[in-house]
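Student: I have the sequence and the model open beside each other, and I would like to work through some of the packing and pairing with you. Could we take it one question at a time?

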Amino acid sequence: LTTFSPTTGTVTLTGDDLSIEDVVRVARRGARVEVSPAALQRVRRARDVVDQVLERGDLVYGMNTGVGSLSRYRVPFEGLEQFSVRLVTRHTTHQGAEVDAGVVRAMMVTRANGMAKGGVGVRAELIQAFLDALNAGVHPVVRMGGSVGQADLAEMAEIGQVLIGRGEAEYGGRRMSGAEALKAAGLEPIRLKAKEGLALISANGVTMGHGSLVLADVADLLDAFDVTAALSLEAFGGNLSTIHPEAARMRPHPGQARAADRLRELLSGSYLWRPGAARNLQDPLSFRCVPQTHGACYDAHAYARGTMEVELNSASDNPLVLLNDRSIISVGNFDVVALAVAFDLLRVAVAQVVHLANERIQKHLWSQFSGLPTGLAARDGDEGLRPLGYASASLAAEARVLANPVSLDYRGQIAEGIEDHASMAPLGVRKTEDMVWLARRMAALELTVATRAVDLRGGPPLGAGTGIACAIAREFATTEPEEHWPDVDGLTEVVAGGNLLARVSREVGPLEPVSATGDAVGPGEAGPASP
């Protein structure tokens, strides 16, 4: 639920430095939004260019011409304002599932920041209309499913509808018409001027707003899998030579170093650091390759994050206002194929992490690998937790399906063949969100199984972070699987809600970076165990 509190502070839009964290603050914590004076000055200068071009009578796509294949039709000067309104109303398809208010807020703040860049040529009043609605808690009802990723026309049009006093919105916990919501909040509908109808709809608000929230969730997910993998190492009696700092120094991928650092921190004080604690000279690859696989996912996430923050602070409009040239040109800056590819890459990387977790779960349940009873049962012949192995395998299979790329799936030709390319980025974002939900359950399954294995090994001393994680999981696990089934749903909610990471982080603290020499070790430890 989106909450509104004065303690969340204010996000100032400049068009140049909006971060994913800023989007999360506005979308999920109700932070207020304002525009910097310098950005407003740039916006007014860009609008002056639009007015001058209008006075000259130059043809500009979507300003005084139709859009798409209708660009050959000229809109008369006296009909420009009506044309802007018609662009908004005619692109609202009213289909698909409704998104929550947090996603809508993310869409609105990313669009307002894009307008603040100055390339779109809208009036400052239109940006203020976005901010007034955000700060008042007027949330347009937006349905997902009308975009192919070359500007999220249908979804952005539903936001535009409310700003002009139409459509539907939620305000004060009630659903009402857009006009009623604005009136209840003490706001007035905005009257659109030339070019502003296209500016409202021709933006990738879904990809950037929703995508920013999903990237924030993936970051937490990767931290959670570091925790589950570390606990699995203790549950398996694993060999910690795999997280020796020299391994990362000799193969200096940033993500691998980060993952190894985190694992050493989580395992600080663990019994596995004792000489001879490891059961095997070499463990199965699902244990041995955690730093490499998690590291690859960290690197993929870093790439997606960097690509997103470039896009958040770009002029992604067409046509584009050029302040220095005092002209308006047609461009393809609305094409977000870079983000579509980044999310495809990220899903593949997350699927690899999910695959490793599934394999570790299977190894815990298989006595030939774990040295514990099959299914981690209390008695021979009992099922124990064996059914969780089927659930885990099912999730891993679904993750592989979700990992399939969507950026190559567009095969249509719309607008009479002019729009013959599309990124499908919104679909990629939605599939990544689905992957996050699936992966959270996999993390809960691993915590459940690993906790049971730890108990069967007699409860040896655990690490600073893993001990906290095991205590949390034990609240939902069971010592008698045949009598009381573990509450995997409840533990999944703990993972999804951030409580697991919050409690672990209070004990372990923030992640320490790899040193320049690459030989940093977990806090309080002299070094990794010998193989």
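Student: At what angle do helix H1 and helix H13 pack, and is that arrangement roughly parallel or roughly perpendicular?
Tutor: Bear in mind that this is a predicted model. Helix H1 covers residues 20-29 and helix H13 covers residues 290-312, and their axes lie 10 Å apart at an angle of about 70 degrees. Because angles of 65 to 115 degrees count as roughly perpendicular, H1 is, relative to H13, roughly perpendicular.

Student: Which residues of H13 make the contact with H1, and how many charged residues does the contact have?
Tutor: On the H1 side the contact is made by Ile-20, Glu-21 and Val-23, while H13 contributes Arg-305, Met-308, Glu-309 and Leu-312. Sorted by class, the contact of H1 with H13 has 4 nonpolar residues and no polar ones, and the number of charged residues is 3.

Student: Which residues of H6 take part in the contact with H4?
Tutor: By class, the contact of H4 with H6 has 5 nonpolar, no polar and 2 charged residues. From H4 come Val-104, Met-107, Met-108 and Arg-111, and from H6 come Glu-155, Met-156 and Ile-159.

Student: In the sheet of 3 strands, which strands are the edge strands?
Tutor: The sheet is open, its pairing is antiparallel, and its order is E4-E6-E7. An edge strand here pairs on one side only, and this applies to strand E4 (139-140) and strand E7 (174-177).

Student: What is the bridge partner of Ala-169 in E7?
Tutor: Strand E6, made of residues 168-171, runs antiparallel to E7 and is joined to that strand by 4 bridges. In E7, the bridge partner of Ala-169 is Met-176.

Student: How far from Cys-289 is the nearest cysteine sulfur?
Tutor: A search of the whole structure finds 0 disulfides, and Cys-289 is accordingly in no disulfide. The nearest cysteine sulfur belongs to Cys-297, at a distance of 15 Å.

Student: Is Cys-470 buried or exposed?
Tutor: Cys-289 is partly exposed, with a relative accessible area of 25%. For Cys-470 the relative accessible area is 1%, and because values under 20% count as buried, Cys-470 is classed as buried.

Terms used. Residues are numbered from 1 along each chain as its sequence is written. This is a predicted model: local features need pLDDT of at least 70, side-chain atom pairs count only at pLDDT 80 or more; totals for chains, interfaces and linings use all residues. Side-chain values use heavy atoms; hydrogens and water are left out. Two strands pair if DSSP finds at least two bridges between them. Helices (H or I, at least four residues) and strands (E, at least two) are DSSP runs, numbered from the N terminus. Axes are lines fitted to C-alpha atoms, for helices over the stretch in contact, and angles run from 0 to 180 degrees between N-to-C directions. Angles under 35 degrees count as roughly parallel, over 145 as roughly antiparallel, 65 to 115 as roughly perpendicular and the rest as oblique. Contact means heavy atoms within 4.5 Å. Ala, Val, Leu, Ile, Met, Phe, Trp, Tyr, Cys and Pro count as nonpolar, Asp, Glu, Lys and Arg as charged, and the others, Gly among them, as polar. A disulfide is a pair of cysteine sulfur atoms within 2.5 Å. Buried means under 20% relative accessible area, exposed over 50%, partly exposed in between (1.4 Å probe, protein chains only).
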